[in-house]
Amino acid sequence: MSRVAELAARLDEARRTGVAVPQLTSSEALDLADAYDVQRAGVALRAAAGERVNGVKLGFTSRAKAVQMGVDDVIIGVLTDAMEVPAGEVLDLAAGVHPRVEPEVAFRLARAVDPTAPDADLRAAVDAVAPALEVIDSRYRDFRFALADVVADNTSASAYVLGAWQPVVQGDGGPVGLADRAVTLSVDGVVVEQGSTTDILGDPWEAVPAVLRMAAQHGQELPAGGVILAGAATAAVALGPGSTVVAEVAGLGRVMLQTAPADVPVVGS
Ligand code: OOG
Ligand code: MG
């Protein structure tokens, strides 16, 4: 097995078993190009297990997130259909390591875009926008990592839920403005984080050219119907069982996620 395949297998096992592993960079010389190779090999393992790639996500587009995690370069990861929690479905955290949740803005692609095509126009392919919640779950101990570690770990991608799509009207009026909208994250009715969409690269629309550039560089696919998660607008908060989480983006609406209650131990059996 190649080194890249071995590292991807290590992270994939951590994901499937919920048992965290030491940072790869604690024992390996791993540069960013190596890290994206490991990410690609990990996505291939998921595809071989039957998952379908259905989008991409950005990480560290917000200052609050970068400060929280101690890294400050924008990174890109891959979403699969298995990560999407359909609206109204309850997420079971039992297999997770130490999940966290964060409020985001999502874009939808009306058609596939080849990011390496010289005339690729990703913005023109976006036909809808929605509020979203992303569940991130680092496969590393203590949720700590260097940039290459988190890239190899598919940017901690774990699950996401989308609110109702709002159509983006291309043409005359241009796409709907998304900057400067208040964002709140609530858990069980209590606001735990507050921010603004301006915290996402100054304007969530800036995520679109960033995705195009990074996908061209690192080989992620942008499929028809695919989702782009633009990045969190606030720091992430720990996500426990039996919780109701709501993100609200002013003018875009709200999105809710419920987690399954903790297993009740069976006494006397
Ligand atoms: C990496 C993922 C960051 C975001 O929205 O900034 C991310 C992490 O913090 O574990 O998804
Ligand atoms: Mg995120």
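The model is predicted. Helix α1 spans residues 3-17. The magnesium ion (ligand 2) is coordinated by three residues: Glu-102, Glu-104 and Glu-134.

**Helix α1**
- Helix α1 has 15 residues.
- From its first C-alpha to its last, α1 reaches 21 Å, close to the 21 Å expected at 1.5 Å a residue.
- Gly-18 follows α1, and its phi is positive, near 75°.

**The buried side of α1**
- The buried residues in α1 are Leu-7, Ala-8, Leu-11, Asp-12 and Ala-14.
- These residues lie on the same side of α1, because they cover an arc of only 155° around the axis.

**The magnesium site**
- Each of Glu-102, Glu-104 and Glu-134 coordinates the magnesium ion (ligand 2) through OE, at 2.0 Å.
- Along the chain, the donors follow the spacing E-x1-E-x29-E.
- Glu-104 and Glu-134 are 30 residues apart, so this pair links distant parts of the chain.
- Glu-104 sits in strand β4 (residues 100-109), while Glu-134 sits in strand β5 (residues 126-136).

**Burial at the site**
- Glu-104 has a relative accessible area of 1%. The cut-off for buried is under 20%, so a residue at that value counts as buried.
- Glu-134 is buried too, with a relative accessible area of 1%.

Note on methods. Residues numbered from 1 in each chain as written. Chains lettered and ligands numbered in written order. Predicted model: local features only at pLDDT ≥ 70, side-chain atom pairs only at ≥ 80, totals over all residues. Heavy atoms only, no water. Helix = DSSP H or I, 4+ residues; strand = E, 2+ residues; numbered from the N terminus. Expected span 1.5 Å × (residues − 1). Buried < 20%, exposed > 50% of the residue type's maximum accessible area, 1.4 Å probe, protein only. Arc of directions from axis to C-beta. Donors = N, O, S within 2.8 Å, 3.2 Å for Na, K, Ca; no water.
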